[in-house]
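Hi everyone, thanks for coming. Let me put a structure up on the screen, and then I'll walk you through it.

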Amino acid sequence: MSNFPAGFLWGCATAALQIEGSTQCDGRVDSIWDVFCRQNPDRIHAQATPERACDHYQRWSEDLDWIAKLGHNAYRFSIAWPRMPGGIDFYDRLIDGLCARGIQPMATLYHWDLPHPLGNWENPATLDAFLQYTQLCADRLGDRVSHWMTLNEPAWSVMNGYVTGLHPPAVHDLKRAFTAAHGQLQAHHLALAELRRQRVVGKLGIALNLSPVKCAGDTRRDRRAARWADDYLNRWFLEGVVHGAYPERAWRLLQHTLDFDKQLTHPQPLDFLGVNYYYPKWVAHSQLPTRFHLNTSGNAHDKCQFSLQGRLRFCDPPQTRKTEWDWEIDPEGLENLLVQLHHSYPGLPLVVTENGIGLGESWSDQSLQDSQRIEFVAAHLRAIQKAIAAGAPVQGYLMWSLMDNFSWLNGYHKRYGLLAIHPETLERRPKASAEWFRQVFCDQLSL
Ligand code: BG6
């Protein structure tokens, strides 16, 4: 593989709730998302639910054949905590299936599907339950998983759960947001300690959503707003996992309101940092009323809005390359992010654990010719090559996603897959990007 360093991991990422379906099978309990979708059908595009999703829970073996056919050497999936303990056998079989096909299993322990009976991450009992769940996974799967990610995007899930109120538990409460984030980060360190204690063979990490923050104004207040966004969306989580303590400047502003310490207990080093990258954030001071809106329609005129009055707002980027869901397309942002991480945390291996483009495709020959996705991924892969040339130790790229899936608030309308899924029969069909992606890594097709 001449395009990328030897041993480079490449493949796709998925998450249990978004692809598995079979939500009532084999002792699975509800997750907070199952309940949220049932109770708030109108908040999800076309009132979609994860009940059937891609039926991966039944069709997993066919899906692994696809991954092998597409030539990937790694696959990032998440384990469904609500299926535990009974559901561990499913992941045992899945991992055996991956190993048999020569594909490295990369497992995320928590991709937003908190078992509903646990309530939330503010609850100390959730931490104990997570530890017990981690013990089970380490014990049953620890001899084969190549990479562990404790959590997926704690910043994004907490921001939407407690600030915008768009995700469960759908409240607006900054203090609770920080308490829940602290619960997750504490769980991260305790889980890494447990995985190490059980001497699992895999490397240990986490997948963080990281967005370069750009200041969209030129006043002092704009610069302060951009600093806040970077401090609380990126650095709070980065420093919390890499150094086991919250960053000083951000901590000083909040310490009087928080009921926990700056230092996390029993901090554990990372073997690698998973980077989920979609788009940068342009930030300015906000005088507009507090308002949050996400484009879930795929209508390009439907603008995303994030305004915390008196503090900050996300602004439109000065250029116009955007997806139909109003997300900026900025591959250079990925290059800069990786280089900056390399400078801030020298020697820490980086893996791009998610990156991809959601498109309004349908099940048609035309949609299968997804040249826009090819262009998007090629540009981001070139950005990674530049970052590697600048010294960043990037060890892999996992595209979001293997197949079109339940895209949270966007239901099944926003499609990310290399494989298209027929809306009724759930038949899988490769898009043009699937073969192109194979050629890039297996045949060194130039980018
Ligand atoms: C990431 C998540 O935030 O972005 C994925 O880890 C998600 O689960 C992906 O699907 C794309 O976001 P969305 O909302 O467009 O599906």
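I'll talk about a sheet, a helix and some aromatic rings.

First, a word on the source: this is a predicted model, where local features need pLDDT of at least 70, side-chain atom pairs count only at pLDDT 80 or more, and totals for chains, interfaces and linings use all residues. Residues are numbered from 1 along each chain as its sequence is written, and side-chain values use heavy atoms, with hydrogens and water left out.

Let's begin with the sheet. Helices (H or I, at least four residues) and strands (E, at least two) are DSSP runs, numbered from the N terminus; two strands pair if DSSP finds at least two bridges between them. Five strands make an open sheet in the order S6-S8-S11-S10-S9, with mixed pairing. At its edges are S6 (213–215) and S9 (291–293), each pairing on one side only. S6 and S8 (residues 281–284) run parallel and are joined by three bridges; there, Val213 stands opposite Lys281 in S8.

Next, helix H7, residues 174–197. How far apart are its end C-alpha atoms? They are 35 Å apart, which agrees with the 34 Å that its 24 residues should span at 1.5 Å a residue (the expected span is 1.5 Å times one less than the number of residues). Just after H7, Arg199 takes a positive phi of about 50°.

Now the rings. Rings of Phe, Tyr and Trp (its six-membered ring) pair if their centres lie within 6.5 Å; planes under 30 degrees apart count as stacked, over 60 as edge-to-face and the rest as tilted. The count comes to 37 aromatic pairs. Take Trp10 and Phe441: their centres are 4.3 Å apart and their planes at 10°, so this pair is stacked. Trp10 is in strand S1 (residues 9–13) and Phe441 in helix H13 (residues 432–442), so the pair ties together parts 431 residues apart in sequence. Both Trp10 and Phe441 are buried, meaning under 20% relative accessible area, with exposed over 50% and partly exposed in between (1.4 Å probe, protein chains only).

Back on H7, Phe178 meets Trp236 of helix H8 (residues 220–242). Phe178 counts as buried at 13% relative accessibility, and Trp236 does at 0%.

Finally, Trp10 and Phe441 belong to one aromatic cluster, which also includes Phe4, Phe8, Tyr397, Trp436 and Phe437.
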